[in-house]
Amino acid sequence: MSAFRSTGTTDALGPEEGPGREPPEAAIPGSRLLAALLDGMDAALCAFDAHGTITHWNREAERILGWTAAEAVGRRGFAGWAVRSADAEDVQGRLLAVMDAPGRQVHEFALLRKDGGRVLVRTQSAGVRGEDGKPAGVYCAFSEVHAQIDLERSIALGEALFEDASWGVVAVDVDLRPTAVNAYAARALGGGRTRLLGRPLGELVVQGVEELEGALQHALAEGAPSAPAELWVTLRTPEGDRRRCWRSGFLRLASPLAEEPVPLGVGWMFRDVTAAKLAEQDADRVRFRANQLHRAARQAAECEDPMEAATTSLDFALAGFADHVVVDLLADLAAGERLVRAAATPSDAPGPCLPVSGGPLPVRYAPGHPALKAVERTGSVRVAAPADAGEAWASEHRWPGDSVHALCVVLRSRGRTLGVVTFLRSASRRAFERPDVMYAESVAVRVASAVDLARLTAGPDTMDA
């Protein structure tokens with residue numbers, strides 16, 4: 001218990017006592033209650049009466065300065081024990097001047113510890129008035145300056161994170177619902193800062209919510225992961241679904257007031273790195289495809305048969321690019337109308353591109369077929385199956401049954417059209433995009449050169465049907 005001296009100030013804080021009024025049997029005496037409150041404070045507290053004599057001294061003050069309550073209470077001011085003699089008059093005057101001033105005043109003093117060391121403290125002091133309204137003393141709460149600055153810095157950091165941070169900050173409760181969201185996170189999640197609060201993450205994230213909630217639950221149970229995680233999610237927005245990549249970090253939030261850490265939730269910090277990740281993926285894709293073209297050229301150079309060189313180039317091109325490929329060549333270069341199937345990959349399983357068994361076979365393409373359009377336009381044509389088409393779409397186009405996306409690229413050599421190479425993807429892959437067309441055209445140049453060489457070495461009538 002803190003030692004204290006009964007004065008008019010402390011009497012005013014305790015329960016009223018007087019003749020004819022008995023306190024309840026179980027009631028805590030006012031002096032004991034006051035002492036318990038003072039000792040339970042996180043800040044150091046001392047109080048002076050109107051003459052500058054110390055009347056109260058709690059345990060936090062003892063911890064900071066080393067002087068016990070028994071040693072402090074009853075002393076007049078700090079002179080000679082808790083402050084240097086040269087500073088005593090200034091400190092005493094500034095503290096007692098608060099009695100006649102309204103509100104609280106903040107000061108910083110260098111006080112002396114019992115072991116002789118100095119400690120810089122920040123004080124908040126205010127006057128105390130007695131029952132007659134006259135100044136009765138001063139109370140002074142103080143803490144070490146560095147501890148106060150740390151507290152202020154922590155508060156300022158928290159406010160800045162939820163206001164001006166250039167990355168998303170979300171506080172999530174133990175039920176994995178947002179309780180605080182900064183401006184960046186609100187924009188990234190596609191909603192206002194208040195509209196997002198308390199909503200399940202599944203209402204905001206269409207795909208990837210399981211991975212996100214799993215990371216939050218791990219942080220809640222085990223603490224912060226050792227490294228940031230990159231999560232791909234699909235968001236539902238008024239403009240449609242958007243796929244984004246968030247580089248995320250997670251921190252478990254625990255109450256600083258509990259004796260044992262009590263989880264309050266998770267702090268989730270993230271930054272949208274979609275553009276950087278897509279650029280990285282594109283760079284990796286370009287490097288891989290360039291390497292495949294280089295390997296294909298080296299392998300094709302070792303082939304004695306030009307058609308084998310053509311199919312070898314296609315085998316290297318298929319890796320990571322498409323599931324099937326078919327090669328249709330013009331049978332009559334003069335007429336330039338009829339296509340025959342010269343080579344293809346197996347339609348029922350992955351495999352190499354091989355010449356058609358038994359020789360080239362005519363292909364019954366219907367008018368308007370993408371391969372015919374590629375020949376007509378002397379350019380590339382991209383098509384995709386309707387959502388509900390099933391295998392009927394691929395069957396109608398004379399392609400393997402699992403084909404959903406097709407890219408037809410014309411084969412040109414020495415100013416002439418030789419045929420069409422068609423790359424096919426199943427539903428597990430994305431539709432062909434412009435970079436895919438450029439890569440396919442680079443492959444088609446090599447295939448067309450090999451096919452043209454095969455015609456020259458075999459004779460002009462070899463491919464005619």
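Start by selecting Leu264, which lies in strand β11. Strands here are DSSP runs of E with at least two residues, helices are runs of H or I with at least four residues, and both are numbered from the N terminus. Before moving on, note that this is a predicted model, where local features need pLDDT of at least 70 and side-chain atom pairs count only at pLDDT 80 or more, while totals for chains, interfaces and linings use all residues. Residues are numbered from 1 along each chain as its sequence is written, and side-chain values use heavy atoms, with hydrogens and water left out.

**Stop 1**

**Stop 2**

Now select residues 240-254 and 263-272. These are β10 and β11, antiparallel strands joined by nine bridges. Two strands count as paired if DSSP finds at least two bridges between them. Zoom in on Gly249: Met269 in β11 stands opposite.

Widen the view to the whole sheet. Six strands form an open sheet, in the order β7-β6-β11-β10-β9-β8, with antiparallel pairing. The edges are β7 (178-181) and β8 (205-207), each pairing on one side only. Neighbouring strands of this sheet are turned by 40° against each other on average, direction ignored. Axes are lines fitted to C-alpha atoms, for helices over the stretch in contact, and angles run from 0 to 180 degrees between N-to-C directions. What holds strands of a sheet together? Strands pair through backbone hydrogen bonds, either parallel or antiparallel.

Next, select residues 274-300. This is helix α9, which lies across β9 (229-237), β10 and β11. The helix runs at about 115° to β9. Contact means heavy atoms within 4.5 Å.

**Stop 3: charges on β9 and β10**

Show the side chains of Glu230 and Arg247. They meet in a salt bridge, 2.6 Å from N to O. The pair links distant parts of the chain: Glu230 is in strand β9, Arg247 is in strand β10, and they are 17 residues apart. A salt bridge here is a side-chain nitrogen of Lys or Arg within 4 Å of a carboxyl oxygen of Asp or Glu.

The cut-offs are under 20% relative accessible area for buried, over 50% for exposed, and partly exposed in between (1.4 Å probe, protein chains only).

With Glu230 and Arg247, they are linked in a network of salt bridges.

**Stop 4: a hairpin**

Go to residues 105-112, strand β3, and pick out Val106. Val106 counts as exposed because its relative accessibility is 54%. Which residues does Val106 touch, leaving aside neighbours within four places in sequence? The contacts are Arg122, Thr123 and Gln124. Gln124 is 18 residues from Val106 along the chain, yet their C-alpha atoms are separated by 4.6 Å.

Eight bridges join β3 to β4, and the two run antiparallel. Ala110 has Leu120 in β4 as its bridge partner. The two strands form a hairpin with five residues between them. Select Gly116 in the turn: its phi is positive, about 95°.

**Stop 5**

Select Glu60 and Arg63. Their closest N and O atoms are 2.8 Å apart, in a salt bridge. Both lie in helix α3 (59-65), three residues apart, about one turn of the helix. Glu60 is buried at 18% relative accessible area, whereas Arg63 is partly exposed at 49%.

Then select Asp452 and Arg416. Here the closest N and O atoms of the salt bridge are 3.4 Å apart. Asp452 lies in helix α13 (434-458) and Arg416 in strand β18 (416-425), so the pair ties together parts that are 36 residues apart in sequence. Asp452 is buried at 4%; Arg416 is partly exposed at 32%. The structure holds 21 salt bridges.

**Last stop: the whole chain**

Zoom out. The protein chain has 13 helices and 18 strands. Of its 465 residues, 42% count as buried.
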